[in-house]
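Visitor: I am new to this structure and would like to learn how to read its features. Please take me through them one at a time.

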Amino acid sequence: MLKLESFQEFLNEGTKLAPGELKKSATGGPYVGKARTEILANKIRKQEPLTLAKGGEFLVVDVQGGLAAVEQFKKDSKAFKLIGKNGTEISSSDLLKTPEFGGGAGAGGGTASTAIGESAQCVWMAAMLDIGKAMPIESFTDEVLTKAFKKVSVGKTSLKEILGIDESWKVSSYITAQYAIQNRIIEKGMTFHRDDDLMKAVYSAKNVAFKNNDFKPLPDDKWNPGDIWVVDTDFKLDELNTTTVEDLNDDILDLYLQKRLVGISLKKVAKGAKGVEKNVERPPETEDYRYSAGHIKALKRGEWYTTKANYITHKDGQLDIRANSAFGSHKVEIKGKGARGGGASWGVMSDAAKRIYKKELPKNSAMKKEAQQIAKGDKKAIAKFTKMLQTVDKKISENEVKKELKALGKNSGIWIHGKLGGLYVINLIEKGGQKANKFITQLINYAGSSTSDSSAYIIVKEK
């Protein structure tokens, strides 16, 4: 494979018939499906000039030597010398992958080329999560990519087509995958989709939501031009509320911010990548609201164990944090004068935590697991849960926690999960100050912002 540091030279010269390319069959052009070694041998035999990657042509004069070198290549896959006029020599790797060898059209040509390139990106992302983002591009062998292919869902695109992409697509896939991992767009445990049942179901949900609004549905790529979709393993399609377009787009934004359902629009890159988020308009980091305190019990009555909700008060009102349903995602409801009402999702809370505190709130799947551990009596998990409660009320003891959880009976896991979300938020902001003010202001302003007819996604393109 092509070394990344030599890519600028590659751009200037064109795609070379390096050994990794020469040993494959043509993926396009007039001899599609034919072994490139046979195409080369025929050109040598017929005394047809060969095109050089750096420009110009080369005529092999030692025909028998050239044909013997091609046969040897079939055995050892090593680049070989070809001899021209006046004893001039070139390496087989100096040859250009012209249309005769399946070059000149990326992964195949036109829409088919794009489909293969996008599917290949899914495979390269899965492979890089397997072997690590620091591994050089040469490490992504056909064997590694074949193993990763089993973990993706890319419609009708075949493994053969993906392995047959040219060097420019490979470099683009490598750079884009590195960027996605470094910037936490993708991570282990996610699955990759292109033109499969899941991706189609997301766009079908869009059509339902628009129909429920009596709107003419936007074309798929106008609503969300995600070429591939990256999905967390715990995502379920029924998390998408299609009652209205606004409901659906709110869910897409929430899932995007949690990195549980991410549409990625791909552009071919060569030297570096950057991401541009769309329909993720964040309010400015102001301090319009002043944090007062976090509460683990209702403000007017009850004890910490009589409600699954948690509360945050500020000068002009309060924020109620609770799970939507049993083991469902948490949301915050905005109350009080000066606030525009509404609510903010766990994704919005997670995004605000990351931006303001440089910390990440746990995913819902992690909190569900933690709640189940507490419910089963795991000592470390109960000790941690008690410590989180003590952030608000130091009088709470571990024995009291055990007693009250036991009293909850078989539904204790659901109750603990409901409590955990708000506890994580309160533990994050309990020291107050400027960051806490910015955090609650973000939630309140997010809740009052409008949603466009298009949904959240990220474009990864040339830096």
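**Reading a loop residue**

Guide: P217 has a relative accessible area of 35%, so it counts as partly exposed. Keep in mind throughout that this is a predicted model. P217 sits in the loop that runs between α9 and α10 (220–223).

Visitor: Which residues does P217 touch, leaving aside those up to four places away in sequence?

Guide: They are K206, N207 and F210. A separate reading concerns D453, which is 236 residues from P217 along the chain. The C-alpha atoms of P217 and D453 are separated by 9.6 Å.

Visitor: Is S172 buried or exposed?

Guide: The cut-off for buried is under 20% relative accessible area. S172 has 4% relative accessibility, so it counts as buried. This residue belongs to helix α8 (residues 167–182). Setting aside residues up to four places away in sequence, S172 touches Q121, K267, K268 and V269.

Visitor: How are two packed helices described?

Guide: They are described by the angle between their axes and the distance between the axes. Here, helix α12 (residues 346–357) packs with helix α16 (residues 412–429) at an angle of about 20 degrees, and their axes are 12 Å apart. Angles under 35 degrees count as roughly parallel, and α12 and α16 are therefore roughly parallel to each other. Their crossing is left-handed.

Visitor: Which residues make the contact between α12 and α16?

Guide: On α12 they are W346, M349, A353 and Y357, and on α16 they are G421, V425, L428 and I429. Sorted by class, this contact has seven nonpolar residues, one polar residue and no charged ones.

Visitor: Now the sheets. In what order do the strands of the six-stranded open sheet come?

Guide: The order is β5-β6-β7-β8-β15-β9, and the pairing is mixed. The edges are held by β5 (152–153) and β9 (273–278), each with a single partner strand, so one side of each has no neighbour in the sheet. Inside that order, strand β7 (residues 228–232) pairs with strand β8 (residues 261–266) in the antiparallel sense, over four bridges. As one example, I228 has I264 of β8 as its bridge partner.

Visitor: Which strands do helices α8 and α9 lie across?

Guide: Helix α8 lies across β8, β9 and β15 (457–462), and runs at about 60 degrees to β9. Helix α9 (residues 197–212) lies across β6 (190–193) and β7, and runs at about 100 degrees to β7.

Visitor: How many residues of strand β11 are buried?

Guide: Five of the five residues of β11 (residues 310–314) are buried, so the strand is largely enclosed by the rest of the structure. The side a residue points to can be read as well: N310, I312 and H314 point one way from β11, while Y311 and T313 point the other way, and all are buried.

Visitor: Which strands are joined to β11 by bridges?

Guide: Strand β10 (residues 291–295) is joined to β11 by four bridges, and the two run antiparallel. In that pair, Y291 has H314 of β11 as its bridge partner. Five bridges join β11 to strand β12 (residues 317–323), again with the strands running antiparallel. There, the partner of I312 is L319 in β12.

Technical notes
Residues are numbered from 1 along each chain as its sequence is written. This is a predicted model: local features need pLDDT of at least 70, side-chain atom pairs count only at pLDDT 80 or more; totals for chains, interfaces and linings use all residues. Side-chain values use heavy atoms; hydrogens and water are left out. Axes are lines fitted to C-alpha atoms, for helices over the stretch in contact, and angles run from 0 to 180 degrees between N-to-C directions. Angles under 35 degrees count as roughly parallel, over 145 as roughly antiparallel, 65 to 115 as roughly perpendicular and the rest as oblique. A crossing is left-handed if the near helix is turned anticlockwise from the far one by less than a right angle, and right-handed if clockwise. Contact means heavy atoms within 4.5 Å. Ala, Val, Leu, Ile, Met, Phe, Trp, Tyr, Cys and Pro count as nonpolar, Asp, Glu, Lys and Arg as charged, and the others, Gly among them, as polar. Buried means under 20% relative accessible area, exposed over 50%, partly exposed in between (1.4 Å probe, protein chains only). Two strands pair if DSSP finds at least two bridges between them.
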